[in-house]
4 protein chains.
Amino acid sequence: MDYILKIDCNDEKGLILRVSEIVFKHGLNYVSTSEFVDHENSRFYMRAVVVGQVNTIEFQNTLSAYLPSDSVIFFESIKKKDIVILATKENHCLGDLLIKHSSKDLNANILAIIANHDTLRPLSDKFDIPFTCISTDGLDRVEHEKLVLKELEKYKFDYMVLAKYMRILSPDFVKRYPKKIINIHHSFLPAFIGANPYKQAYERGVKIIGATAHFVTDDLDEGPIITQDVIRVNHEMNWKDMQKAGRDVEKVVLSNALELVFDERVFVYDNKTVIF
Amino acid sequence: MDYILKIDCNDEKGLILRVSEIVFKHGLNYVSTSEFVDHENSRFYMRAVVVGQVNTIEFQNTLSAYLPSDSVIFFESIKKKDIVILATKENHCLGDLLIKHSSKDLNANILAIIANHDTLRPLSDKFDIPFTCISTDGLDRVEHEKLVLKELEKYKFDYMVLAKYMRILSPDFVKRYPKKIINIHHSFLPAFIGANPYKQAYERGVKIIGATAHFVTDDLDEGPIITQDVIRVNHEMNWKDMQKAGRDVEKVVLSNALELVFDERVFVYDNKTVIF
Amino acid sequence: MDYILKIDCNDEKGLILRVSEIVFKHGLNYVSTSEFVDHENSRFYMRAVVVGQVNTIEFQNTLSAYLPSDSVIFFESIKKKDIVILATKENHCLGDLLIKHSSKDLNANILAIIANHDTLRPLSDKFDIPFTCISTDGLDRVEHEKLVLKELEKYKFDYMVLAKYMRILSPDFVKRYPKKIINIHHSFLPAFIGANPYKQAYERGVKIIGATAHFVTDDLDEGPIITQDVIRVNHEMNWKDMQKAGRDVEKVVLSNALELVFDERVFVYDNKTVIF
Amino acid sequence: MDYILKIDCNDEKGLILRVSEIVFKHGLNYVSTSEFVDHENSRFYMRAVVVGQVNTIEFQNTLSAYLPSDSVIFFESIKKKDIVILATKENHCLGDLLIKHSSKDLNANILAIIANHDTLRPLSDKFDIPFTCISTDGLDRVEHEKLVLKELEKYKFDYMVLAKYMRILSPDFVKRYPKKIINIHHSFLPAFIGANPYKQAYERGVKIIGATAHFVTDDLDEGPIITQDVIRVNHEMNWKDMQKAGRDVEKVVLSNALELVFDERVFVYDNKTVIF
């Protein structure tokens, strides 16, 4: 059986040796390993895929006793993640995930789709994924989020994916799901934070636009960046042309970021990510 | 003989027809042509390379009488531009231009190099380009710029190239050379405006960094963008690694932008560029 | 009404003038224009979007009389293209086109899908597009293509799109649809022509892989290239990882190429394309 | 003191543990580590930067006794490499290395430049690097290489860099310097092997061109690839335009590859590279 091991702790001498001893003593063998030390913050990161047969709780406890007390240890057999998707009206990111899901190319089960408009219901129905529309009509942000939270409570999910969900989540909402909400922002952050980045890009006259997948934190568009990509634009394109061209980048960037997260390749520390 | 013709005016019916008639009547033939209409601002742009033999002033006057009164017309035989380079301490952009200059791959003559440090004198000397160091020691911005202006007055140049000149030019200085000063900014504008963009990028945890070549206007780092490019960075890189990696992008972006400008492929309108 | 005008002919003096005169006389106005002269082959290319109201046949005839006798003239009001898609088992390119089709982001109507396996029937059914499986079981190439041709004859289509159709088309088949069949090849042509390019790429140890959209001609993987793109790969990836990573590039490259073709921005001459 | 440790051997259980024990027992501490197992060939690769104070020969011997008998172990304190550059007439790659060398941005000492033309002598002289022209006039390949080898013997170098050296080296020559000769090929290999790749690219009508840095082996343009990059081209460019545009890619790709090699980040196995 294959397991993923992730460790993140204050850097000390002999960490790899200690981990390797525990791994060896449990009859596990490394399939792949990666380490990184953030020397500025004196922080150690390690990800390993190991093969063997072991009691995961016992292994984790043994390792924990051997490592610095602040260590964050993740140890699980490799498995698909469970996700809930939040969306609004645009179909490109959701559609891409549904197509990948239907051919088992998405390393996750889509449990449900929640949207603030009914536009994407026919698409969701085609792929037999439960779809719930929670309209914002007549509701303030707190009331609307209360309904969304109630719906979310029905599902046991690992990650919440904002696939072009065009609502700003309140700090209270975000706090409930630390490092669990992934958003695709339709600009090359930190350029063009906020509303309509394509219009901002057009007005600034940039020659390259992009998209950014990031974890959602309290600060709008300021969470830890997972991955980014760009495409060239030119003077012939108005902002709607840029928006259209940007959609392919958005969906690919989101999909790449999810793959990294679902494979447990991403560490979050402060406002940054370490990605193996 | 080959000429470059550039026209930029309010859009009207029949502009291409009118230009083509004048071109034809003067026995000129199009080698290449490009047009663009900015429909938002109802503005027409045209660039053509034409071949033949003509009195440039007479041609320009005839054309002028035929086109809208606001027309900006440029008509010249193709020739190398004359430039002055401003620099500080870093050698990568200046070095790249000097190497290209020495093998005739730069479409310009470098008349002189002016720097606020003496660091690059040995490099400039190797290539026999007049080098003047105007130190800022004991001078305020106005006093220093006065000396720079005095030095600049010695040369009849088409463009001033800021090849990592790490001083902010005053609005008074900039106003003297409208659309004539080209800067390389070491970030993917409008991200990381201002000082030490690599440090800003590192601290934000971005996964892509870039460089931007632009015309200098009153607003710091806000002038019309000519060209941009990016490279990927990762968590293993501190800001000095990013700075080092960024240098190759900076010099290539600056060199590409200059080639476009020297070939008369760039139009500036408001805060944007049209590039053929 | 908006029309697209495309002209391709031997280069002569005064072509733009002549076209502009005819355009002007018919009360048409240029919305946008692009020209290119291939000086090596002395060939002129022009694409224009014009606005007005005109009898298209009369306009085309007038223009034709005015231009060199070898001129190829296309003049039509702007409209969606009709396409038939050929596929095999992989769902990423087909899925991408169906999602775009369903949100009107594809500039074409998908009339039908023909496949040599039944794998993609459920996907096609979800989007209510007629799906026909023509298995190759027990058939040689000629017999199989005969059945495909019979099915194709039911539809009046502008383009045939090979969305990962894993069969080689015979020269006889291809000859019936000159410049009408568009294929996505899963490599950065001309590298890795033929079978399993990802395996070839892996074995060669390249650091970048790509995809190529091209018109299909007699020569396998040798037709005129429309567009290409690449992504970086590394030593950690085996050929199946490369194949997976390549899928996002394949679908985006195919989609970009189709947009260019459907917008009538592509000229084919010999084995090359001119793209405005 | 910082050391670099590189290990490449058949994969076995417990390799990281064994290495870590030896590292720990010698009072060394990991600054950074990377491992990779090529499961297809069952081969283990490890690179580590370690800090401490140790007798390098004793350390290497101890480690060697502890690891599989086929292990290739490299252990040295971090230092600049010594290189000899071979060139012909083009100045862009050589110029880039000289500029970087002069500002200590090249992690190597340039001991000498050997060329088969005298064109680059003035450039080399500017930077005070010994330059030797060994003309091919009147000599066959064997005779010419004999003279080059004689010149090379004067220098104790770690790597030989072919900075656009436009001669094909004979297998006999190459065999003397296994994994020591690095070439920049002006195409995106394996596309356009052989002479004038830009002309080949132009004639094929590709939309992207590139450059490839690789170790030189017996097979022309077939050695292990270190790094590659690409740029977009279009129908307006003839092959000389592509060549000019390609130069910036060539020099950046070569420079990036050298940095990886000089930092001891590259392993060569069969015809591939593992790059940390």
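This report covers the chain interfaces, the symmetry and selected residues of a predicted model.

## Basis of the model

The model is predicted: local features need pLDDT of at least 70, side-chain atom pairs count only at pLDDT 80 or more, and totals for chains, interfaces and linings use all residues. Residues are numbered from 1 along each chain as its sequence is written, chains are lettered from A and ligands numbered from 1 in the order in which they are written, and side-chain values use heavy atoms, with hydrogens and water left out.

## Chain C against chain A

Chain C brings 19 residues into contact with 19 residues of chain A (contact means heavy atoms within 4.5 Å). About 1,700 Å² is buried between them, with 47% from carbon and sulfur atoms. Buried area is the accessible area (1.4 Å probe) that two parts lose on being put together, summed over both.

Eight salt bridges are counted between chain C and chain A. A salt bridge is a side-chain nitrogen of Lys or Arg within 4 Å of a carboxyl oxygen of Asp or Glu. One of them joins D248(A) to K100(C), with the closest N and O atoms 3.0 Å apart.

On the chain C side, α3 (92-102), α4 (121-126) and α8 (239-262) each give two or more residues. Helices (H or I, at least four residues) and strands (E, at least two) are DSSP runs, numbered from the N terminus. The largest share, eight residues, comes from α8(C). By class, this side has four nonpolar, six polar and nine charged residues. Ala, Val, Leu, Ile, Met, Phe, Trp, Tyr, Cys and Pro count as nonpolar, Asp, Glu, Lys and Arg as charged, and the others, Gly among them, as polar.

## Symmetry of chains C and A

A 180° rotation with 0.0 Å of shift along its axis superposes chain C on chain A, at RMSD 0.0 Å. The two copies are thus related as by a two-fold rotation axis. The superposition is by least squares on the C-alpha atoms of residues with pLDDT of at least 70 in both copies.

K126(C) comes closest to the axis among the residues of chain C, its C-alpha lying at 2.7 Å. The same surface serves both copies: 100% of the contact residues of chain C recur in chain A.

## Chain D against chain C

Here 33 residues of chain D meet 32 residues of chain C. The buried area is about 2,800 Å², and carbon and sulfur atoms give 56% of it. R204(D), K207(D) and H235(D) supply 26% of the area that chain D buries against chain C, more than any other three residues.

Four salt bridges are counted between chain D and chain C. R232(D) pairs with D229(C) in a salt bridge, the closest N and O atoms being 2.9 Å apart. On the chain D side, β2 (29-38), α7 (197-204), β11 (225-232) and β13 (272-275) each supply at least two residues. β11(D) gives the largest share, seven residues. The side of chain D that touches chain C holds 15 nonpolar, seven polar and eleven charged residues.

## T273(A) at the boundary with chain B

T273(A) sits in strand β13 (residues 272-275) of chain A. T273(A) is buried, at 4% relative accessibility. Buried means under 20% relative accessible area, exposed over 50%, partly exposed in between (1.4 Å probe, protein chains only).

A polar atom of the T273(A) side chain lies 2.7 Å from the backbone oxygen of I225(A). The T273(A) side chain also makes a polar contact with the side chain of K207(B), at 3.0 Å. Beyond four places in sequence, the contacts of T273(A) include F215(A), V268(A) and H235(B).

## Salt bridges within chain C

Over all chains, the whole structure has 80 salt bridges. R43(C) and D70(C) form one of 3.0 Å, N to O. R43(C) is in strand β3 (residues 43-51) and D70(C) in the loop between α2 (56-66) and β4 (72-77), 27 residues apart. R43(C) is buried at 7% relative accessible area, whereas D70(C) is partly exposed at 27%.

R247(C) and E90(C) also meet in a salt bridge (3.0 Å, N to O). R247(C) lies in helix α8 and E90(C) in the loop between β5 (81-87) and α3, so the pair ties together parts that are 157 residues apart in sequence. Both R247(C) and E90(C) are buried.

Terms used:
A polar contact is a pair of N or O atoms within 3.5 Å; within protein, one must be able to donate a hydrogen and the other to accept it, and residues adjacent in sequence count only if both atoms are side-chain atoms.
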